[in-house]
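I'll jot things down as I look them up.

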2 protein chains.
Amino acid sequence: MGESSPIKKYDLIVLGSGPAGEKGAAQAAYFGKRVAMVEKDYYLGGAAAGTAIPNKTLRETSLALSAIRSRHLYGVDLSLKRRTTVQDFLHHERIVKDAERKRVKNNMMLHKVDIYKGIGSFVDKQTIKVEIRGKKPEFLRSDTILIATGSKPRRPDNLPKDLRIYDSDSILQIKRLPKNMVVVGGGVIGLEYACTFSVLGVDVSLVHNRDILLPFLDRDISFALENNISKMGINLYKSESVESCNVKTNRLELKLGSGAIISCEAIMLATGRTSNTEELNLEAAEITPGKYGRLVVNENYQVIHPKTKKPVSGIYASGDVIGPPALASTSMEQARFAMIKAFNLEPYKEHVAPILPLGIYTIPECSMVGKTEEECQEENIDYVVGKASYNQNARGMIIGDNDGFLKLIFEFNNDLSQPMKLLGVHVIGEIASELIHFGVSALIMNAGSDLFINTCFNYPTLGELYKYATYEAMGKRAKRIKLE
Amino acid sequence: MGESSPIKKYDLIVLGSGPAGEKGAAQAAYFGKRVAMVEKDYYLGGAAAGTAIPNKTLRETSLALSAIRSRHLYGVDLSLKRRTTVQDFLHHERIVKDAERKRVKNNMMLHKVDIYKGIGSFVDKQTIKVEIRGKKPEFLRSDTILIATGSKPRRPDNLPKDLRIYDSDSILQIKRLPKNMVVVGGGVIGLEYACTFSVLGVDVSLVHNRDILLPFLDRDISFALENNISKMGINLYKSESVESCNVKTNRLELKLGSGAIISCEAIMLATGRTSNTEELNLEAAEITPGKYGRLVVNENYQVIHPKTKKPVSGIYASGDVIGPPALASTSMEQARFAMIKAFNLEPYKEHVAPILPLGIYTIPECSMVGKTEEECQEENIDYVVGKASYNQNARGMIIGDNDGFLKLIFEFNNDLSQPMKLLGVHVIGEIASELIHFGVSALIMNAGSDLFINTCFNYPTLGELYKYATYEAMGKRAKRIKLE
């Protein structure tokens, strides 16, 4: 290290500037810590700004189009120009992406976080080397390091390289909407893109290696999602694998495990992600990553050895780099929580783990928080379910969402004068990911059925569904008590 | 009463089948009461189904159009056909309206409520006569009566009758979109229609007799709404009155108090509503209505004499018939609460009055719950405000809402280790009326700033605004404590 600049000392070094990196850095800086952030890309913001926002913007476009249709707005001429390209749709996206990157930068400046643009790697447990092309490396030292370097798409080995075979990053560069496409992988990313492209008029096939979609969802929601995507015309190949791909001049031929062959203009691979840990020189910090390069962490998001479970002193990780759920929302909370633990900042943030909602931006949206019906059964919890349909709700009818519903799961108790404890909330339908927040707060505050009965909801709103689902659950309880 | 059918006895008679009537009847029936409902219209559902749903459906149409614009969806051909009529837009509305009326009917059948179609009026405090055209009247008797007969538009005396002068009921029958129109009255209804027609491409002028819009809103929201509607091109005449209207063959000339003259193709009057009480023969029940025929009630929604404040035994009223806020949401809660009180059904519903949100379906939407900043000042409450803008939020940026914001008001406390108590929530922007519900539950559960910090919000959602507004408020508190 002789000829390099002197080692700079910080209270915290954050590797990566995505949602986890940004919020972790801001949290520590807010409490007076001196923070350095290392980002290898030219822009701050990571995958959230780089690909999630374009993806959601594209989805919003398709949603606006589908809204026009579902609302049966006669008198409105609406047509997609034949020569429409994805880039046309993404005009607005560039503005949004730039704004989000600027916002992250401003937030870091506001918190007086020093930014180092370059590839960061461990020299030892407390030292990070930042390599900037054409410059002398910089060395940073800190007792606390947060790894938030994210993940990248993983491509299966058995598929050839071809410009018409995209992953979830490169798909956003697609020049024109293909007539048809195959999405390989029925996880969150695969499903989200399959829905968006289907609504944009592409004939989509989805190849999924399991027999149910998103098995972590409540079965009712998973089945409803499957019905919906079939109804919108997506060809679903379940319990299927991809054998090989035959590249022709004018088309791609995908051969499945069952022998079926799908001919298509484009393929999108959504076959999992690999954590960005290979450039970190983890051995220098005595860290061993797990499967797919994932860092293994304990309940405080401190990095541990995957086998011995022994924590590595002072080193934390959060976001995509530690694997599922790999959502921006959970990544941010993990990082904030990790910093609270690292710097002993309690009681400013009491918990993160127990009550994390999941938002799935399929069309329709799905969202959940708390326990599923299947989890209640496994844990032998006696429960009551109440449901309310969008098509029985004034606002649901107005927006023409005929398939959406909200499902509440309460713990059964046979004292009619007592409310029932809320266990889980599950929604499929328009703005599901926003509607769920009412349930998140109810779970955080340990609320019961009385909360939804006592709440006055605006009319017409989808929020009212909480009340009617609760009424159904209360009616079921009353009936059951009568029978017992 | 000699030649009429025998008097039928009930535990409850409900006059009117709108939101208040329906929910009051269902609540009592749910607890085993025998309920009769009297409705003079052919359909059940009242104004909510008859005019609110068409109004909101028309608004949804205009919203879908404005979404296409605000999302800058290039590549999409979107144009309104020149000959578009309001009826074109309302095609979908008829389906929704019918479904809502059917839903009310089914709900009443499910609860075994007897329906009497005819005009109900008091014979004495316990007896209602139902007159059905061409039939012998029926007589109903009950110790408890809920009046939920709603209201109708009130027209000012100084304007002539002309087919081009609409009220909020008849406007939905308008044949084609006029080039320009004047909305008289800057209350909720006037503003909602002014926004809808403006987005549909009509050149709208709004005549308002006060200097601020919706003075019950937090001033920040009221001013933001005023800015928004000016920006969308609505000509706002504040502190103005309507003097007279000159009816010409090809146009209407409206003369204002200031002397200004507005020439237009159509006028919509939104100059307040009169309660539907004149056919009730209220004297027979010794009830005197107040101004505009409004029934005066106490905190339990029991009818009282407007001067002596003496309650009328067994007679309750809720919904539009008792005057502001006259929203479907509050009407339902009032009726449920009245029935709980009338039949002593506590503790099934603890309160209704303290925490009622208001949803204003302007474009953009406004919604509020709890105290405004002005109320805090009047009550000498020491408070801290935190705001978060839609254009700093990923989802807000994606949907292109540049003007929306969420404002939280907390009670100041100088112990940094303690959360601050939430006092009020104010939102202007897309889905404001849905977003507010998180704040409603927080107020009901007496939550503090820690709730929003502990909540994990989906990304990207507008719900996140709660967290960032809270951060701002906490930062302001910390700064203030440092200075003190």
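This is a predicted model: local features need pLDDT of at least 70, side-chain atom pairs count only at pLDDT 80 or more; totals for chains, interfaces and linings use all residues.

I started with chain A, where Asp218(A), Asp220(A), Glu373(A), Lys387(A) and Lys407(A) are joined in a network of salt bridges. My cut-off for a salt bridge is a side-chain nitrogen of Lys or Arg within 4 Å of a carboxyl oxygen of Asp or Glu.

Residues are numbered from 1 along each chain as its sequence is written, chains are lettered from A and ligands numbered from 1 in the order written, and side-chain values use heavy atoms, leaving out hydrogens and water.

Searching the whole structure, I got 59 salt bridges over all chains.

Next, chain B. I found Lys387(B) and Asp220(B) in a salt bridge, N to O 2.8 Å. Lys387(B) sits in strand β24 (residues 383–389) and Asp220(B) in helix α6 (residues 219–231), so this pair ties together parts 167 residues apart in sequence. Helices (H or I, at least four residues) and strands (E, at least two) are DSSP runs, numbered from the N terminus.

I also looked up Glu138(B) with Lys8(B): a salt bridge, 2.8 Å from N to O. It links strand β8 (residues 138–142) to strand β1 (residues 8–10), with the two residues 130 apart. Glu138(B) is buried at 18% relative accessible area, whereas Lys8(B) is partly exposed at 32%. Here buried means under 20%, exposed over 50%, partly exposed in between (1.4 Å probe, protein chains only).
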